[in-house]
Amino acid sequence: MSFPWAKQYTPSHPFMVWMDEKLPIPRLIYNAVGGGYEVPRNLNYFWNFGFLAGLCLVIQIVTGVVLAMHYGGDTRVAFDSTEHIMRDVNWGWMLRYGHANGASAFFVVVYLHIFRGFYYGSYKAPREMVWLLGVVIFLLMMATAFMGYVLPWGQMSYWGAKVITGLFGAIPLVGETIQQWLVGGFAPDNATLNRFFSLHFLLPFVILGVVILHIWSLHIPGSSNPTGVEVKSESDTVPFYPYFVAKDGWTIGLFLIVYSLMVFFMPNALGHPDNYIPANPMQTPAHIVPEWYFWPFYAILRSFTQDWLWFIPAKLMGVLAMFSAILVWFFLPWLDRSPVRSGSYRPLYRKFFWVLVVDVLILGYCGGSPAEQPYVLIAQLASIYYFLHFFVIVPIVSSIERPDPLPFSITESVLGHDEAAALGTRA
Amino acid sequence: MAQDAGIDTPVVSDGDGVRRRDFINIAAVSAAGIGGVTVLYPLISQMAPSADVLAESSTEVDISQVQPGQAIKRVFRKQPLFVRNLTPKEIAEANAVDVSSLRDPQTLEQRTKPGHENWLITMGVCTHLGCVPLGAGEGEVKGEFGGYFCPCHGSVYDTAARIRKGPAPKNLEVPPYEFSSDTVVKIG
C-alpha cells in the first residue's frame, strides 16, 4: 500500500503502544494522511481540490445536522420553519447561508477536481477504480443537492421536484408507475418532501463512505502527478505530513476567504428569488431553472425537441442523454487509450481538453437561460460536441497523437536532472 | 463446507448422491433468501401513494359561469385542471387539422363528450415535465396555435390541447369525467 521508503509508524508513548495493539487507528491516520504517506514532490495546486472537497463535505454535514434540529419536513411547516431558521434561531441565518453556499462551493471544488482528472489523465490505469468511485460520489452529490434544494418548499423547490421526478415518467410502459412511487402520489406533496428530507440526511453519510473507498483505492498506487510519470525512487516523493498538510492548509485559508465572502456578503447571489415564495402547485414560475451546478446537464436535457428515429420520444431521449453525459465518464479510462497520462505531454489532446472546457461553459450558460432561440440551438450544437468529445475525439486522438517526450522521472522534471536514476539506467 | 463437516458427522445419502447436509444447506439459504425478499416488498411498497392519497374523491366542477372563449382552473388530485369553453372558431380550427400529421393523433371528438364538443376538459400538466401551461388564465399567452403554451420548455398546444410543437410527447391528458347535468361536471 505504500512505497518501501515510506516512514513507519512507531509509537513511543506507552498509551499509544497499547492503543496500536488494540485498535490501530493512529497508525491508519499516520499512513493515510500523515508522515507515512509518500506523495510525488511535483504536485501543483490542482491537487489541492481533493482535500478541499473533503472539507466541503465536513462543512455540509456539520451545518446540515444542526439545521435539521430546527427544520420540519412537512409541507405545512417546511417553508415557515426555514424562515424561522433565518429569523429566530440563533445564528440560523449563518448556518443556512453556510449550508446553501457550501453546496455551491462543494460543486466548484469538485468540478475543478474532475477537470484536473480530465487534463492530467488521472482516470488511467492503475487508478481506474479511484475515478469510478469519484463518478459515483458525483452522482450521489447531485442527488443529495437536488433533494436538499426541495426542502425549503419554495416555488423553485416544488417545481424543481416536479420537473426532475417527471423525468422518470419518460421511461416506457412503467414510467408513470415509477414516478408515482418516487413521489408517493400524483404530484409532489407531503410524502415527497418527507422522504427527500430523510434521504437528504442519509446520503451525505453514504458519500462519506464512498469517499473513504475513493481514498483507499487512491492510496494503493499512490497519488498521480502533473507529469503522469510514475514514482521511481525515494527522491520523487515527500511525506504528506508536513509538506502537503501545510500546502493544503494554505489553500483551505484561501478557500475560506472566498466562501466567507459568499456567505456573509452575497449569500443569495447563486439562489433564485422565486424560492422565497411558498410552493404553489397551481402556478409555474415563469422561468424554472435548477441551481447553477446542474445547468450543463439541464441544457443537454432540453436539447431534444424532436422525436428520435420516429419511435423514441423527445422527452425520453433528453433524459437518456442527460444521464449518459455523466455515465460516459465511467467509460473514460477505456475510451482514452493513450499510454501517456498527462495533458502536458499530449499536444493534441490538450487542445481538445480546452475546447471541452469552453463547450461545458457554453452548455452551462444555455442551461441557465430560457428555453428559446438562440439558446436551444446553441445548446444542441454544444451537446453534440460534448458526446463527440468522449465517444469520437478522445479515442481517435489517443491513437493518432504523437506525444511530447516524457521526463525520465519526477525528480528530473523538477530539478532538470536525476543523478540517482540516471546512474541506475546507465549501469 | 459440507465435506469438512463430514469428519465427525456420518455422511447420510438418500441414494441419489444428495446428502442430508446439502439439503440443509439449500433449505437454509432458500429460506433466508425468500425471507429477505419478503421483507423487501413492504420496504419498497411503502413509498407508493398511500391510502389517503389514493382515496381522494372525485371533484365536481360548476361550469355554468364559463363563457365561450373562457377557461377556468380547478384542482384535481392536487394538480391543475383546465376547463375550457371553446368558441365555434376554435372548434373549426381544431377540426381543420390533418389528424395524421399530429404527434399524438386524436380528433377533437375523441377528446370531448358527445353533445358537449365545446367543453375541452384536460389536466393542466404539460406532458413534457409537468409544468402548468399558460392559456387558461385571463390574459395569459396561448401560444401560436391558440391553445396552451408551456413556458418551461416551449411546448405549444392547439385548441384541442393537442401537442403541436416543442418537446412534450403527448396531448394534454383528458381525465375521466362525466356531465352530471348541463352545468356540472364530475371529474374522476
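Which residues have the most contacts inside the largest nonpolar core? Keep that question in mind as you look through these close-ups of a predicted model.

**Figure 1. The largest nonpolar core, seen around Phe118(A).** This core has 124 residues, and those with the most contacts inside it are Phe118(A), Trp131(A), Phe138(A), Phe297(A), Trp329(A) and Tyr386(A). Zoom in on Phe118(A) and, leaving out residues up to four places away in sequence, you'll find it touching Tyr123(A), Trp131(A), Trp329(A), Leu332(A), Tyr349(A), Phe353(A), Leu356(A) and Phe390(A). There is also a second, separate core, this one with 15 residues, including Ile63(B), Phe76(B), Trp119(B) and Met123(B). If you're wondering about the general pattern, nonpolar side chains tend to be buried together in soluble globular proteins.

**Figure 2. Tyr71(A) meets Phe197(A).** Counted over all chains, the model has 43 aromatic pairs. In this one, the ring centres are 4.8 Å apart and the planes sit at 70°, so Tyr71(A) and Phe197(A) make an edge-to-face pair. The two partners come from distant parts of the chain, 126 residues apart: Tyr71(A) is in the loop between α3 and α4 of chain A, while Phe197(A) belongs to helix α9 of chain A. Tyr71(A) counts as buried because its relative accessibility is 13%, and the cut-off for buried is under 20%.

**Figure 3. A tilted pair, Tyr111(A) and Trp292(A).** Here the rings are 6.3 Å apart, centre to centre, with 50° between their planes. Tyr111(A) lies in helix α5 of chain A and Trp292(A) in the loop between α10 and α11 of chain A, so this pair ties together parts that are 181 residues apart in sequence. Tyr111(A) is buried, with a relative accessible area of 16%.

**Figure 4. Two arginines over rings.** Take Arg77(B): its charged end sits over the ring of Phe186(A), 4.5 Å from the ring centre. Then look at Arg84(B), whose charged end sits over the ring of Tyr148(B), 5.0 Å from the centre.

**Figure 5. Where chain B meets chain A.** On the chain B side, 29 residues are in contact with 29 residues of chain A. Together the two chains bury about 2,500 Å² between them, and carbon and sulfur atoms give 63% of that area. Three names to look for are Met47(B), Leu129(B) and His153(B): they supply 26% of the area that chain B buries against chain A, more than any other three residues.

**Figure 6. The two domains of chain B.**

**Figure 7. Two histidines of chain A, His99(A) and His287(A).** Start with His99(A), which lies in helix α5 of chain A. Is His99(A) buried or exposed? At 17% relative accessibility, it counts as buried. Setting aside its neighbours within four places in sequence, His99(A) contacts Gln60(A), Thr63(A), Gly64(A), Leu67(A), His200(A) and Tyr259(A). One of these, Leu67(A), is 32 residues away in sequence and 8.6 Å away in space, C-alpha to C-alpha. Now move to His287(A), found in the loop between α10 and α11 of chain A. His287(A) is partly exposed, with a relative accessible area of 31%. With neighbours within four places in sequence left out again, His287(A) is in contact with Met156(A), Gly368(A), Ser369(A) and Pro370(A). From His287(A) to Pro370(A) is 83 residues in sequence, and 6.5 Å between the C-alpha atoms.

Figure 8. You'll find Pro126(A) in the loop between α5 and α6 of chain A. Pro242(A) has its place in helix α10 of chain A.

**Figure 9. Positive phi at Trp91(A) and Trp153(A).** Trp91(A) isn't a glycine, yet its phi is positive, at about 60°. It sits in the loop between α4 and α5 of chain A, and with a relative accessible area of 55% it is exposed. Trp153(A) isn't a glycine either, and has a positive phi of about 55°. Look for Trp153(A) in the loop between α6 and α7 of chain A, where it is buried, with a relative accessible area of 7%.

Definitions and conventions:
Residues numbered from 1 in each chain as written. Chains lettered and ligands numbered in written order. Predicted model: local features only at pLDDT ≥ 70, side-chain atom pairs only at ≥ 80, totals over all residues. Heavy atoms only, no water. Phe/Tyr/Trp six-rings, centres within 6.5 Å; stacked < 30°, edge-to-face > 60°. Helix = DSSP H or I, 4+ residues; strand = E, 2+ residues; numbered from the N terminus. Buried < 20%, exposed > 50% of the residue type's maximum accessible area, 1.4 Å probe, protein only. Lys NZ or Arg CZ within 6 Å of the ring centre and 35° of its normal. Core = buried A, V, L, I, M, F, W, Y, C linked by side-chain atoms within 4.5 Å. Contact = heavy atoms within 4.5 Å. Domains from an automatic or database assignment. Buried area = accessible area lost by both parts, 1.4 Å probe.
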